[in-house]
Amino acid sequence: MGEDAAPRMKLAVPWGHIAAKLWGSRQGPPVLCLHGWLDNANSFDRLIPLLPKDFHYVAMDFGGHGLSSHYSPGLPYYQQNFVIEVQRVVAALKWNRFSIMGHSFGEYTLHLGGQGYSCTFPEMVDKLILLDRHFPLLLTEPTESENLLTYKRRMIEHTLQIEASQKPQRVLSPEEMLQGFLKNNSHVGEECARLLLQRGTTQVATGLVLSRDRRITLPEYSIDFISRDLLVPFIRKLQAHILVIKAMQGFYNVRRENDADKAALNLVKDILKSVLKEWFQYTEVPGNHYIHMNQPQHVAGIIGSFLKSSTPNQL
């Protein structure tokens, strides 16, 4: 699906390796870039070249995505594991403090629940940039508690079903792969789709196969729950300056059944603003969930200014 000119890196982990790609100055302040659910590090190919050149950008593929190794058989893809992956990368790179830029599911490694990286390692994270963030679903009603159990069961059953299946992966021509991707991802433009498929497919004798782990294909892997009682204490743990960029035609409801319902977004946003005050910045831009790929110029200036700005405790 084309060539990739950005320098690559592989970091050894117990189940194989974590793949990443690099931009910018190795001597500059580090920024870890985290892709969305079922995407890969190429998610940032069109945005990072528009950002300040004096930063060191590292975009990693989560396990089971892109060029990173799949988890070993029997090891589930829990969100906590993705948080551990971030710490593995940070430790390997010997970073003491860095910024994180995450899109959609990629931000669950820094989400506002107890498993979030920025709450668990608050002293490590200087700035958070959240691109069309899926905020966690608040367990404020009995129906959400019931949903939590339903999703957990569905994930377990799906994982076991995939492990037991002997069904081979579908082999498609490059054009068939592209058209199928566009059909299932109508909010992604063709150029962006080619970028994601470039790193998300593997060439075999008769065509292409998707390289991601089939165990992670359920959307339930991108859904997170947290009780409202825990939300504020976890937010208070943060030591980072936060920028939330919300796409006006992006996702508001992570489950998508009531995607126009902004109630959960507004509630979490109000809590963030109340607790973090000048440490929290929120802006809306025209575009859809893949604004950082489809129209990176709409967000590059905002992100660049934020990266170069002094955090409140540095003023």
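**Exercises on a predicted model**

D61 lies in the loop between strand 4 (56-60) and helix 1 (79-93); helices (H or I, at least four residues) and strands (E, at least two) are DSSP runs numbered from the N terminus. The model is predicted, so local features need pLDDT of at least 70 and side-chain atom pairs pLDDT 80 or more, while totals for chains, interfaces and linings use all residues. Residues are numbered from 1 along each chain as its sequence is written, and side-chain values use heavy atoms, leaving out hydrogens and water.

**Exercise 1.** Determine whether D61 is buried or exposed, and describe its surroundings.

*Solution.* 
- Step 1. The relative accessible area of D61 is 0%, so D61 is buried (under 20%; exposed is over 50%, partly exposed in between; 1.4 Å probe, protein chains only).
- Step 2. Leaving aside residues up to four places away in sequence, D61 touches residues including H35, N40, E85 and R199 (contact: heavy atoms within 4.5 Å).
- Step 3. A19 is another residue that D61 touches; the two are 42 residues apart in sequence and 5.6 Å apart in space, C-alpha to C-alpha.
- Step 4. A polar atom of the D61 side chain lies 2.9 Å from the backbone nitrogen of L67.

Notes: Polar contact = N/O pair within 3.5 Å; in protein donor to acceptor, adjacent residues only side chain to side chain.
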